[in-house]
Structure formats: C-alpha cells, structure tokens
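Visitor: I would like to go through this model with you and ask, for each label, what it rests on.
Guide: Gladly; let us look at it together.

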Amino acid sequence: MKRARVPLDVIIFKRCRAKARRVILEVKQSSWENFCNALTSNSKLSTVWNVIKKFSGHHPREFIPSLRQGSTTACNNQHKANMLATHFQSVSSTSNYEIAFRRTMSSLEVETLEAASEITLKDPQLNQLFSIDELQCALPTTKNSAPGADQICYKLLKHLPNDSLRVLVHFINSVWATGALPTSWCHSIVVPIHKPTKPAHLPSLYRPISLTSAVCKLMEKMIVSRLKWCLEYCKILGMPQSGLKNRRRTTDHILRLHDTVQKSLANRHHVLAIIIDLEEACDMVLLFKLVEMGINGIMFNFINSFLSRRTCQVRQGSPLSSTKTLENGIPHGSVLSPILFTIAINDLP
C-alpha cells in the first residue's frame with residue numbers, strides 16, 4: 001500500500017489491519033481469562049504484577065539513547081557499552097577512597113587473613129563437602145533466567161541424569177575444597193537497567209545487573225542454605241534484622257515505622273527516622289565481619305575468592321564492551337549478594 005498508493009491496496013490494508021487488531025484483542029482477552037482462572041492462593045504476587053504490567057503496555061527500556069560523559073558522546077551500541085563499562089569500573093575503583101581509609105583497610109585485611117587461618121567455627125558443618133541431596137534440593141529453586149558467558153542455562157542442569165549430577169557434585173566439591181574458582185565464574189555479562197524517572201543520557205543512572213555462570217549460582221544456592229542455617233541456628237543475626245530470617249520480611253520495618261508514626265501523631269509526639277543509603281564497597285568490611293562471626297576455613301576462602309579477580313563486560317544490544325576489572329563491590333544479581341550484604345550491615349544497629 002505504501003509503495004503503490006493504489007486505492008484498492010489501501011482498502012485491503014485497512015481490512016487486514018482491522019482483522020489483526022480484532023485477533024490481538026481476542027487473544028489478549030482469552031489469555032487474561034486463562035491466567036485469572038489459573039490463579040490460586042499459592043500464586044506469586046510478582047508473577048501477577050509482571051503480567052499486569054505487560055497487559056498495560058509497560059515494558060522495560062531496552063533501547064538506550066545516546067550517552068554523554070563530560071565532552072564525550074556515545075551514539076552506537078559499541079561505544080555505549082564501553083562507556084558504561086568504564087563507568088562501572090570507576091565506581092568499583094579503590095582510588096575513590098581517601099588515602100587514610102585505604103591504609104586502614106589494608107592493615108585490616110592483613111589482620112583478617114591471619115585471623116581466618118585460626119579455626120574457630122560457629123558450625124563445623126559449614127566446611128563439609130556438598131552431597132548430591134543438597135544439589136537436588138537447590139535445583140528446583142532455580143528459575144529460567146538468562147545464562148552467563150558460558151551459555152549454560154538452568155534448564156539444561158535440571159534435565160541432567162543422576163550420573164551427570166554426581167559428576168557435577170564432584171566438580172563443585174573440587175572447587176569448594178581448593179577455593180580456586182574457574183575464571184568464567186568470576187566473569188559477568190552486565191546488562192544496564194535504567195533507573196526510572198531519571199535522565200537516560202547519563203551512565204551513572206544505570207543499574208548494573210550481572211549475568212553470571214548458572215553452575216556458579218547453583219553452588220551459591222547451596223552455600224546460602226548453609227549460611228542461613230548457621231546464622232539462624234547460632235543466632236548470629238541481630239534481633240532488629242528482618243532480611244533472610246524465617247517468618248520475617250523486610251516489609252516488617254515499613255509496618256513498624258508506619259505504626260510508630262500513627263501512634264506518635266495520635267499522641268502529638270515526634271518521630272525521628274534515620275534512613276541510610278549504602279552503596280559501593282560493602283565487601284571491604286565483609287571479610288572482617290565473617291571472621292568476627294566465626295565463619296572461616298573453606299567457607300571464608302570461597303567467599304574471599306568469589307569477591308576477588310572479578311571482571312565484567314557490558315552488553316548493549318549485540319555488542320559487548322571490552323573486559324574491565326572490578327576492584328571492589330558485590331555483583332548485582334548474584335545469589336550470594338543478599339546474604340553477604342545482610343552480614344555486612346548486621347551490627348549497624
């Protein structure tokens with residue numbers, strides 16, 4: 001119709017467009033009905049909200065406009081990926097901190113590594129080799145998320161036969177015992193996510209989501225289960241802490257704050273709230289906190305190796321940026337990140 005501009009083609013085009021719109025509307029309606037009929041009391045709210053957003057036409061931003069940093073402008077995807085990678089590398093750089101702070105952290109790191117060599121475990125089971133039962137318990141909790149640079153996905157791991165699972169457990173235990181992580185496990189493909197309501201042309205306003213190895217994340221799930229057990233059983237986490245606790249949610253603090261405000265308003269009192277935004281370099285104090293809690297040995301060595309020698313590449317469209325080294329910080333999107341962050345801020349209250 002656009003090429004020939006013939007009236008008959010215009011009529012046919014409008015008929016086809018009307019039919020397409022009608023088919024799409026009917027499919028949307030039937031899909032919505034099927035989705036609603038499948039909902040139960042066990043349905044996840046996150047899944048429901050994601051479907052509602054998709055039906056409402058709200059999709060995450062995939063196209064990144066031209067980026068500007070100083071006098072430099074990145075227009076094509078390759079330049080955008082390199083600019084974002086350079087920014088994420090600069091954020092994790094040790095040079096961002098004052099010299100006195102760096103000296104203190106260097107001496108603290110030496111003391112931490114010396115203290116970690118002394119076996120004062122809270123729970124000796126933390127350092128045992130993994131069993132195939134632990135692996136089979138961790139596998140069903142995985143989601144069909146995007147794979148890392150090795151292109152191994154969870155769906156492939158879920159369909160492995162028992163003999164292959166035993167080989168996988170043996171490989172995981174060899175990594176666990178030696179503390180030497182494969183290079184691919186320390187490398188991540190970073191997908192930049194734009195922060196809502198923020199200008200889209202600044203690299204600093206993109207959140208880095210790391211896609212790491214699925215095998216590594218599976219091992220992380222097994223480690224998290226052990227760490228959660230140790231933190232709960234030995235009562236290491238403080239009472240004000242709600243994250244990663246059974247029968248506790250992070251929304252408990254919001255409800256507690258709301259209740260305090262309502263009571264204070266009714267009694268004409270004042271409420272003082274201190275809200276702290278923590279960013280960057282949580283791992284600089286994390287290892288010291290682990291030793292304080294009595295978590296060392298193989299578990300300490302693995303976490304230390306996991307946070308060391310990390311590299312990344314930013315993906316924008318198809319192109320990948322050059323490989324960048326990350327000096328500090330915990331990977332965004334890692335399975336271990338939430339529990340490590342909880343440990344780092346445990347004594348903050």
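Visitor: What share of the contacts in the protein chain with a separation of 6 or more is between residues 24 or more positions apart?
Guide: In this predicted model, residues 24 or more positions apart account for 68% of those contacts in the protein chain.

Visitor: Why is cysteine 230 said to be in no disulfide?
Guide: A disulfide requires two cysteine sulfur atoms within 2.5 Å, and the nearest cysteine sulfur to cysteine 230, that of cysteine 234, is 4.2 Å away, so cysteine 230 is not counted as bonded.

Visitor: What makes cysteine 312 too far from the closest cysteine sulfur for a bond?
Guide: The closest cysteine sulfur, in cysteine 186, is 13 Å from that of cysteine 312, whereas the cut-off is 2.5 Å; by this rule the count of disulfides comes to zero.

Visitor: How do you know that the side chain of serine 305 makes a polar contact with glycine 179?
Guide: A polar atom of that side chain lies 2.7 Å from the backbone oxygen of glycine 179, and because the cut-off is 3.5 Å, the pair qualifies as a polar contact. Serine 305, which is placed in helix 11, is also in contact with Leu181 and Cys186.

Note on methods:
Residues are numbered from 1 along each chain as its sequence is written. This is a predicted model: local features need pLDDT of at least 70, side-chain atom pairs count only at pLDDT 80 or more; totals for chains, interfaces and linings use all residues. Side-chain values use heavy atoms; hydrogens and water are left out. Helices (H or I, at least four residues) and strands (E, at least two) are DSSP runs, numbered from the N terminus. A polar contact is a pair of N or O atoms within 3.5 Å; within protein, one must be able to donate a hydrogen and the other to accept it, and residues adjacent in sequence count only if both atoms are side-chain atoms. Contact means heavy atoms within 4.5 Å. Lists of a residue's contacts leave out its neighbours within four places in sequence.
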